[in-house]
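Okay, everyone, thanks for making time. Let me put the chain up on the screen, and then I'll walk you through it.

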Amino acid sequence: MTTQTNHSLLKKHILLGISGSIAAYKIPELIRLLRKKGAAVRVIITNTAKKFITPLTLQTISGNTVISNLIDNSSSDEINHISLAKWADIIILAPATADLIARLAAGIANDFITTVCLASTSPVAVAPTMNNQMYHATVTQDNLKKLKNRKYIIWGPTYGIQACNSIGLGRMIEPLIMVDLINNYFNSKKDFKNIKILITAGPTRENIDPIRFISNYSSGYMGFAIAKEAIKRGAEVTLITGPVYLKTPFGANRINITNCMDMHKQVHKIINKQNIFIGCAAVSDYRSKTIYKHKIKKEKNEINIFLIKNPDIISTVANLKKNRPYVVGFAAESENIKKYAYEKLKQKKLDLICANDISIPNNGFNSKNNKLYLFDKNKSIQLPYCDKNELSHYLLNEIIKRYEKN
Ligand code: PMT
């Protein structure tokens, strides 16, 4: 049996800056994974971080001297902050404490990490790691905003139980995810860079009484897969979703809604800043005219629920006179796919429509796989039947071609 090693980070120079957090114990694993992919790794550590992880461990795993003090007479290497700043293809600060983030934001250069960052023109990725109150503190959020405005990349934090036993946002992203992000940074095509995409996903729920609603079987898989792929390719993604049980794709700005009116409102709050709109949500066409305050009782043999039409969100976007984005719709059809898809394309004034044939088992709603037929005013094409993640890749290839010509 042969073992294949993926050297996707071959010859990449990765400079890791570790600051004082318990999450520092995960960094040797990160270094191991990066080296396995062919990267050369050098490590800088703050004095506080040395209390959580020893330089000897990091030196052994990275295969390089670990640097800590700005002036280190004991080191025989010709390493200084300027040479390291030039050496790095990317600087990763993980874990990055609130203190390190504050010093970077203020332009303070009082240790090796902050000095290298100031002296470098390489991209810097920051993995914030701290107690959730500290993360939500206005000053930390202001500091992160400052770093973002200066083109620092912010990875995380994630949600979960913290070392201090509180639950919330503040955990460092896991090494495996960090390696994926580094890999994507170097290797994925960034054809959606500087493009803002608004995606709707999942079902809507239209309440009838406090416990009953009209909805459908949309799981959100398709919309979330498109969001994930678009982020990977450099897009700035907002994901407006109905009630689903899915994790937010890393880097997406997620807005949860329940019904069509909420979705309509949230879409129009930000639509004028978007380049592309993808309406993947299965939005209910009708809502109950009355939402009963109390549970409807089982007293009569028949009851009438009067339904009224919901706004057609995608049509309101496609009909915008100012700042109209490129508009991509979806259609779930069980017969006459081509005819109905073309009708929707025309009626709703869309640029592109993606039709699912929901008569095929395991296709469309609540399935891992899907098959899409794309129609625009000039032609129609079929995308392969495959996993929704892979399908999103093909779909975005088609969207970007058309968006650029538009
Ligand atoms: O979420 P999954 O389980 O992964 O399933 C994915 C999906 C099948 C839901 C998705 O691929 C899909 O086809 N979404 C649209 C489903 C649909 O019901 O389409 P429609 O024919 O009702 O609507 C056509 C288009 O108008 C859609 O882009 C829809 O978002 C939009 N619309 C519909 C009604 C409405 N009131 N407002 C809208 O914007």
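This is a predicted model: local features need pLDDT of at least 70, side-chain atom pairs count only at pLDDT 80 or more; totals for chains, interfaces and linings use all residues.

So, contacts to begin with: of those with a separation of 6 or more, residues 24 or more positions apart account for 66%, where contact means heavy atoms within 4.5 Å. Residues are numbered from 1 along each chain as its sequence is written, and side-chain values use heavy atoms, with hydrogens and water left out.

Now the overall picture. The chain has 13 helices and 21 strands; these are DSSP runs numbered from the N terminus, at least four residues of H or I for a helix and at least two of E for a strand. Along the principal axes, the C-alpha atoms fill a box of roughly 85 × 50 × 50 Å. Of the 406 residues, 47% are buried. For burial I use relative accessible area with a 1.4 Å probe and protein chains only: under 20% is buried, over 50% is exposed, and partly exposed is in between.

On to the charges. There are 57 positive and 30 negative ones, and their mean positions are 3 Å apart. Lys and Arg count as positive, Asp and Glu as negative, and His and the chain ends are not counted; each charge is placed at NZ of Lys, CZ of Arg, CG of Asp or CD of Glu.

How many salt bridges does the whole structure have? The search finds 17, taking a side-chain nitrogen of Lys or Arg within 4 Å of a carboxyl oxygen of Asp or Glu. Here's one: Arg-32 and Glu-29, at 3.0 Å, N to O. Both sit in helix H1 (residues 27-36), three residues apart, about one turn of the helix. Arg-32 is partly exposed at 41%, and so is Glu-29, at 33%.

Elsewhere, salt bridges with shared partners link Lys-189, Asp-191, Glu-229, Lys-232 and Arg-233 into one network. Within that, Lys-189 and Asp-191 have their closest N and O atoms 4.0 Å apart.

Back to H13 (residues 388-405) for Lys-388. This lysine is buried yet has no salt bridge, and the nearest side chain of opposite charge, Asp-387, is 8.9 Å away. Beyond its neighbours within four places in sequence, Lys-388 has contacts including Tyr-221, Met-222, Asn-366 and Lys-368.

Last stop, strand E8 (residues 196-201). Five of its six residues are buried, so E8 is largely enclosed by the rest of the structure. It runs parallel to E11 (residues 236-241), with six bridges joining them; strands pair if DSSP finds at least two bridges. Lys-196 stands opposite Glu-236 there. Strand E13 (residues 276-279) also runs parallel to E8, through four bridges, and in E13 the partner of Ile-199 is Ile-278.
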